[in-house]
2 protein chains.
Amino acid sequence: MSEFFQTRLSEWKEQIDGGLKAIIAGLNYCDDFKNVLEYALFPGGKRLRPILMLEFHNLFELPDEYALNYACGIEILHTYSLIHDDMPCMDNDDMRRGKPTVHKMFGEAKALLAGDALLDLANRILNAPMPNGGVGPFCGFSSLVGDNGLINGQYIDLFGDIASVDELLDMYKQKTGALIKLACNGGYVLGNRRKIRLECDGISGKCNIINEDRSNDRHIINGMLTESFAQAFGQAFQLYDDISEYISGEKQGERSILKFLDLDDAKKLLNEKLNNSAKALDTIGGDNRFLHEFIEKFVIV
Amino acid sequence: MSEFFQTRLSEWKEQIDGGLKAIIAGLNYCDDFKNVLEYALFPGGKRLRPILMLEFHNLFELPDEYALNYACGIEILHTYSLIHDDMPCMDNDDMRRGKPTVHKMFGEAKALLAGDALLDLANRILNAPMPNGGVGPFCGFSSLVGDNGLINGQYIDLFGDIASVDELLDMYKQKTGALIKLACNGGYVLGNRRKIRLECDGISGKCNIINEDRSNDRHIINGMLTESFAQAFGQAFQLYDDISEYISGEKQGERSILKFLDLDDAKKLLNEKLNNSAKALDTIGGDNRFLHEFIEKFVIV
């Protein structure tokens with residue numbers, strides 16, 4: 001890890017942790033329940049999703065306090081999903097990041113409510129309008145949490161038939177990829193907010209990107225490249241997990257790319273996805289050194 | 001029940017049911033999961049919250065398709081809370097509206113995911129911007145779901161000490177009253193959208209009502225009256241439940257006004273709250289005949 005990378009990573013984490021602390025402190029819940037929420041949020045993992053958002057923002061413009069607030073919303077959203085997924089009726093995990101899961105520590109009722117509270121809070125933050133009062137950068141994100149993302153992916157993982165690599169990758173795209181897409185896209189929209197704006201249909205909730213700079217369609221192309229990155233990296237992220245688990249000899253989950261491919265082909269697929277991510281990054285340009293080093297960490301040779 | 005009331009009630013229910021059916025049909029979840037969501041939503045109960053919203057809207061202006069969509073969002077929000085509250089780790093209820101609860105019918109994993117899916121979906125609908133693109137009429141609503149409402153109320157109900165009438169009423173205000181407030185306020189904002197607008201702080205999510213009609217502050221006063229109605233009626237609604245349970249000899253819940261007051265005083269308190277609701281309605285004026293008849297149903301003599 002380069003010193004540059006290490007320093008920037010620590011700075012992001014410090015900012016995100018500070019933001020999260022302030023958000024929880026500002027809530028009206030009793031201290032007892034705030035403790036449960038803090039337990040779930042800290043010390044936290046890699047803070048991968050909010051960092052992706054801030055880095056994508058940074059490719060276009062320096063992130064400000066609004067961006068940081070939204071980034072915290074993404075981490076809060078991710079944390080809700082961990083709490084509920086860990087519960088006995090779902091994946092039934094006792095440990096998370098080296099400590100007891102929320103339901104193990106505080107009981108299932110508090111875990112269920114904590115997940116609900118964080119989902120609600122994430123919605124509050126991610127739906128906040130743009131600084132200028134316009135439709136927020138995460139407009140339409142609830143579909144990436146719901147029927148085109150996280151919840152649908154978890155449902156398919158638990159109850160669906162997955163009989164091919166494509167079906168597995170599609171499930172990963174929803175269960176894991178959707179939040180990564182949300183993070184990258186949100187960073188892109190916010191970082192380009194002086195050049196594009198979102199338009200949202202009040203009934204379907206569907207959003208369109210409108211180019212405000214008619215002389216230049218580069219801003220729209222960058223949005224497509226951001227999506228390419230997110231799609232490829234979202235799958236790579238999950239493939240990396242499967243392959244690392246397999247190599248380390250850990251107990252493999254029900255779903256793994258190694259059920260369909262041998263180790264060499266799985267690695268090839270992973271590295272192909274990472275190459276696609278890197279290519280999208282290069283085409284966007286900007287200050288992408290951190291992101292390049294970031295995706296290199298997922299290469300398995 | 002007057003024929004007028006009966007007819008209008010059926011019309012609202014039909015519109016709400018049709019709206020809910022269309023919303024679920026439009027989702028990308030697999031049919032299997034949509035079945036779970038439909039099971040939770042239909043045939044449904046009194047549809048009290050969406051009807052309150054539509055009736056409050058109607059005091060000021062006739063509701064349109066946007067209003068109906070938001071009203072469905074409120075019913076979806078309410079349904080999420082029923083599914084999660086019924087789960088074994090919470091209130092552990094086997095039956096709801098004369099049929100097995102969602103987890104009894106489909107298992108806990110599907111119930112947990114269905115609650116999450118409906119909370120997400122409600123957020124999508126209730127956060128949609130105004131028809132003119134401005135901040136939506138439910139801006140700030142997530143606090144009424146979270147730390148100033150539903151979730152906080154459920155936490156206090158399960159884990160808090162409640163040692164006085166005031167503490168009990170405060171818990172009711174959050175657990176039950178908040179969604180009623182959300183419904184009435186949303187109807188008021190939407191029904192006055194040509195006279196007022198909402199302004200939302202992008203970081204705290206807090207909203208302010210701005211009067212667009214400087215020659216007339218009546219629109220702002222009507223907002224305050226709507227809140228008075230909602231506050232009084234929200235508590236009356238829960239007191240009515242407690243008193244009916246007591247009179248019918250059903251097993252009383254842990255929390256009941258009858259633990260603090262005798263029957264006569266409890267009835268007096270209920271009817272006082274209903275009187276306050278009626279007074280607020282009279283002061284607002286408009287086509288309030290349905291709402292008057294509606295609250296009369298909660299009088300216990």
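**Before you start**

This is a predicted model, in which local features need pLDDT of at least 70 and side-chain atom pairs count only at pLDDT 80 or more, while totals for chains, interfaces and linings use all residues. Residues are numbered from 1 along each chain as its sequence is written, and chains are lettered from A and ligands numbered from 1 in the order in which they are written. The model as a whole scores ipTM 0.96 and pTM 0.97.

**First stop: the two chains**

Two copies of a chain are related by a rotation about an axis and a shift along it. Here chain A can be laid on chain B with an RMSD of 0.0 Å by a turn of 180° and a shift of 0.0 Å along the axis, the superposition being by least squares on the C-alpha atoms of residues with pLDDT of at least 70 in both copies. The two copies are thus related as by a two-fold rotation axis.

**Second stop: where the chains touch**

Now select the contact between the chains, to which chain A gives 45 residues and chain B gives 45 residues; two residues are in contact if their C-beta atoms, placed from the backbone, lie within 7 Å. On the side of chain A that touches chain B, the elements giving two or more residues are H2 (31-41), H4 (65-86), H6 (108-126), H7 (141-145) and H8 (150-159), where helices are DSSP runs (H or I, at least four residues) numbered from the N terminus. The largest share of this side, 12 residues, comes from H6(A). Because 100% of the interface residues of chain A are also interface residues in chain B, the copies meet through the same surface.

Show H1(A), residues 3-25, together with H4(A): they pack at an angle of about 80°, with their axes 9 Å apart. The axes are lines fitted to C-alpha atoms, for helices over the stretch in contact, and angles run from 0 to 180 degrees between N-to-C directions. That makes H1(A) roughly perpendicular to H4(A), a term that covers angles of 65 to 115 degrees. Among the residues that meet here are Ile16(A) and Leu20(A) in H1(A) and Leu68(A) and Cys72(A) in H4(A).

Select H10(B), residues 218-248, whose 31 residues should span 45 Å at 1.5 Å a residue, and whose end C-alpha atoms are 44 Å apart, which agrees; the expected span is 1.5 Å times one less than the number of residues.

Move on to H11(B), residues 263-284, and H12(B), residues 289-296, whose axes come within 10 Å and cross at roughly 175°. These two helices are therefore roughly antiparallel to each other, a term for angles over 145 degrees. Leu274(B) and Leu281(B) in H11(B) and Ile295(B) in H12(B) are among the residues that meet.

In chain A, find Pro43(A) in the loop between H2 and H3 (48-60), where the peptide bond from Phe42(A) to Pro43(A) is cis, with omega near -5°. Arg47(A) also lies in the loop between H2 and H3 of chain A, and its phi is near 55°, a positive value in a residue other than glycine. Switching to chain B, you will find a cis peptide bond joining Phe42(B) and Pro43(B), with omega about 0°.

Note on methods. Parallel < 35°, antiparallel > 145°, perpendicular 65-115°, else oblique.
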